[in-house]
Amino acid sequence: MEILASANTDLSSLRVAIVHYWFVGRAGGERVVEALAEVFPQADLFSLVADRKTLAPILQSRKLQTSFLQRIPGARKFHRHFLFLQPIALEQFDLSDYDLVISSESGPAKGVITSSKTCHICYCHSPMRYIWDMYPQYRRAMNPVVGTIFSMVAHYMRLWDVASARRVDYFVANSQFIASRIRKYYGRESEVIHPPVESALGNLDTVPGDYYLAVGRLVDYKRFDLAVSACTKLGRRLRVIGDGPQYMALRQMAGPGVEFLGKVSDGELRKNLAGCRALLFPGEEDFGIVPVEAQSFGRPVIAYGSGGVLETVRGVFPNETFANNSTGLFFTDQSTSSLVRAILDFESKEYEFCPQTIQKHSLKFDSELFKNRIAEFVRFAVKDFRDRSRLEEPARERRVVSDLSGVQEHQ
């Protein structure tokens with residue numbers, strides 16, 4: 001998608017709405033919204049449900065409108081259980097007064113209805129995983145009754161998801177990996193703009209410790225079980241940061257060297273990233289902010305070689321020659337044995353990694369670059385949208401005149 005250099009739209013003059021699927025925590029999607037809010041200080045927020053306590057300071061004072069789901073008891077905690085109501089809830093938002101709507105999509109969010117005069121840009125973290133590529137995994141984890149109900153709801157949601165993609169004027173993907181999903185499921189092309197990471201906050205002051213690190217929500221698809229089992233088998237120290245439904249199962253399989261820290265502050269997270277031997281990243285992610293954060297402290301990444309990590313880590317696959325500019329290692333099979341081999345391979349060349357080179361690589365994903373690129377793309381998109389609208393309006397008028405003439409001749 002070509003971005004025109006002459007697109008000089010004044011962003012401050014736009015009436016802007018940012019639609020995010022839900023504000024119930026602070027992860028990668030919420031950090032994207034925070035960066036968007038910096039670019040658009042005038043923007044209002046819309047969300048299916050929200051817990052204001054989780055909002056970052058930059059969002060606390062913003063006008064925030066939630067859907068009718070907010071009034072259902074337990075909806076903030078069990079929002080995913082109301083999947084079948086989410087399309088209806090999104091379509092109730094009145095966005096007719098806005099020049100620009102930016103939807104932050106993963107949950108869903110892009111299904112809002114906008115006027116013909118409103119430019120709708122969707123920043124897509126991923127098409128909904130649980131109804132598309134990860135549907136079989138979610139379905140297998142359910143009992144027969146719940147699974148049957150989920151199958152029917154998922155079928156309805158797929159139809160709506162594809163239909164609602166046509167409501168978007170421009171797609172932005174957070175990685176080439178997600179751009180390929182958008183192309184497959186929606187038949188749409190997208191601009192790739194990697195999400196914001198505070199890479200500039202990283203430093204090389206800390207001497208690495210003797211532990212490996214795994215960070216994220218403890219859910220099945222992130223495959224923390226591989227990190228726990230591999231470090232337990234090797235007798236290596238591992239710190240796990242995060243919580244989630246897999247917590248108890250992981251604790252039961254963990255050896256004495258595995259430490260679970262739960263949720264930690266941003267400062268504590270940075271301290272652990274700076275002090276680890278390497279980050280273990282065994283899941284397939286859409287982009288993966290944590291590997292970039294680890295690299296900002298000069299720490300290598302040992303990752304499953306699939307998904308967005310192929311764009312953020314300059315990794316070496318098994319049997320490939322190690323390069324001086326490498327920032328990590330990839331393993332190719334999501335198994336304990338494959339990760340064990342990767343860890344041992346890393347330890348054999350641990351001191352060949354250059355922290356300065358790794359940190360420099362991470363700066364390609366810094367939040368300032370994201371804000372500049374998203375502002376540039378919005379200027380292009382709004383100008384392009386308005387130019388197309390001006391061209392299409394006379395054509396519509398000619399069609400109406402032609403239709404009326406045809407009716408009069410017929411009479």
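Lysine 349 touches Phe322 and Leu329, with residues up to four places away in sequence not counted; contact here means heavy atoms within 4.5 Å. The place of this lysine in the predicted model is the loop that runs between α12 (336-348) and α13 (355-362). Helices (DSSP runs of H or I, at least four residues) and strands (runs of E, at least two) are numbered from the N terminus. With a relative accessible area of 14%, lysine 349 is buried, a term that stands for under 20% relative accessible area, against over 50% for exposed and in between for partly exposed (1.4 Å probe, protein chains only). Its side chain also makes a polar contact with the side chain of aspartate 345, at 2.4 Å. Such a contact is a pair of N or O atoms within 3.5 Å; within protein, one must be able to donate a hydrogen and the other to accept it, and residues adjacent in sequence count only if both atoms are side-chain atoms.

Arginine 158 sits in helix α5 (residues 144-165) and likewise counts as buried, at 19% relative accessibility. Beyond four places in sequence, arginine 158 touches Ile131, Trp132 and Tyr135. Valine 197, 39 residues from arginine 158 in sequence, is 31 Å from it in space, C-alpha to C-alpha.

Turning to glycine 305, this residue lies in the loop between β12 (301-304) and α11 (309-312). Neighbours within four places aside, glycine 305 is in contact with Leu310, Phe317, Phe330 and Phe331.

Residues are numbered from 1 along each chain as its sequence is written, and side-chain values use heavy atoms, leaving out hydrogens and water. Local features need pLDDT of at least 70 and side-chain atom pairs count only at pLDDT 80 or more, while totals for chains, interfaces and linings use all residues.
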